[in-house]
Amino acid sequence: MAFPKVGKFAPVNLGHMRANGCRDLVVYCTSCHTSWTLNVGHLSDGTPIKSLGDRIACARCGRVAADIQPDWERG
Ligand SMILES: [Zn+2]
């Protein structure tokens with residue numbers, strides 16, 4: 001599998017993300033504007049990133065379906 005070097009694109013699954021040197025995800029709650037890092041080391045490469053946001057509940061307000069993206073800043 002080859003990936004284009006176009007900078008920070010939106011990976012489809014965890015395998016794509018890891019191939020670009022990113023191991024964790026950042027979850028952002030659009031309801032209470034809390035963000036936190038999510039370690040996904042236990043999940044397989046084939047896990048779609050978008051699917052995770054629908055399953056994670058915010059620890060602060062309890063809202064499910066947060067925005068989720070690779071934690072590029074920490075790499
Ligand atoms: Zn929240």
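The largest nonpolar core of this predicted model consists of 11 residues: Leu 14, Met 17, Cys 22, Leu 25, Val 27, Val 40, Ile 49, Leu 52, Ile 56, Ala 66 and Ile 68. Two or more residues of this core come from each of helix 1, strand 1 and helix 2. A nonpolar core is defined as a set of buried Ala, Val, Leu, Ile, Met, Phe, Trp, Tyr and Cys residues joined through side-chain atoms within 4.5 Å. Buried denotes a relative accessible area under 20%, exposed one over 50%, and partly exposed the range in between (1.4 Å probe, protein chains only). Helices (H or I, at least four residues) and strands (E, at least two) are DSSP runs, numbered from the N terminus. Residues are numbered from 1 along each chain as its sequence is written. Because the model is predicted, local features need pLDDT of at least 70 and side-chain atom pairs count only at pLDDT 80 or more, while totals for chains, interfaces and linings use all residues; side-chain values use heavy atoms, with hydrogens and water left out.

Between the C-alpha atoms of Leu 52 and Val 27, 25 residues apart along the chain, the separation is 9.5 Å. Ile 49 also belongs to helix 2, and its relative accessibility of 3% makes it buried. Not counting residues up to four places away in sequence, Ile 49 touches Pro 11, Val 12, Asn 13, Leu 14, Met 17, Leu 25, Ile 68 and Pro 70.

The zinc ion is coordinated at 2.3 Å by the SG atoms of Cys 29, Cys 32, Cys 58 and Cys 61. The spacing of these donor residues in sequence is C-x2-C-x25-C-x2-C. Cys 32 lies in the loop between strand 1 (24–28) and strand 2 (35–39), and Cys 58 in the loop between helix 2 and strand 3 (67–70), so this pair ties together parts that are 26 residues apart in sequence. Donors are N, O and S atoms within 2.8 Å of the metal (3.2 Å for Na, K and Ca); water is not among the atoms, so sites may look incomplete. The arrangement is tetrahedral because the four donor atoms subtend angles of 104 to 116 degrees around the zinc ion. Four donors count as tetrahedral if all angles lie between 85 and 135 degrees; four count as square planar and six as octahedral if opposite donors are over 155 degrees apart and all others between 65 and 115, and anything else is irregular.

Both Cys 32 and Cys 58 are buried, the latter at 5% relative accessibility. A distance of 9.0 Å separates the C-alpha atoms of Cys 58 and Ser 31, which are 27 residues apart along the chain. His 33, in the loop between strand 1 and strand 2, counts as exposed at 55% relative accessibility. His 33 has a positive phi of about 60 degrees although it is not a glycine. Most residues other than glycine have a negative phi.

Asp 71 lies in the segment after strand 3 and counts as buried, at 6% relative accessibility. Leaving aside neighbours within four places in sequence, Asp 71 contacts Cys 22, Asp 24, Leu 25, Val 26 and Thr 37.

The protein chain has two helices and three strands, in the order α-β-β-α-β along the sequence. Of its 75 residues, 33% are buried. Among contacts with a separation of 6 or more, 54% join residues 24 or more positions apart. The mean pLDDT (the predictor's confidence in each residue, from 0 to 100) is 85 for the protein chain, and 85% of residues reach 70 or more.

Terms used: Contact means heavy atoms within 4.5 Å.
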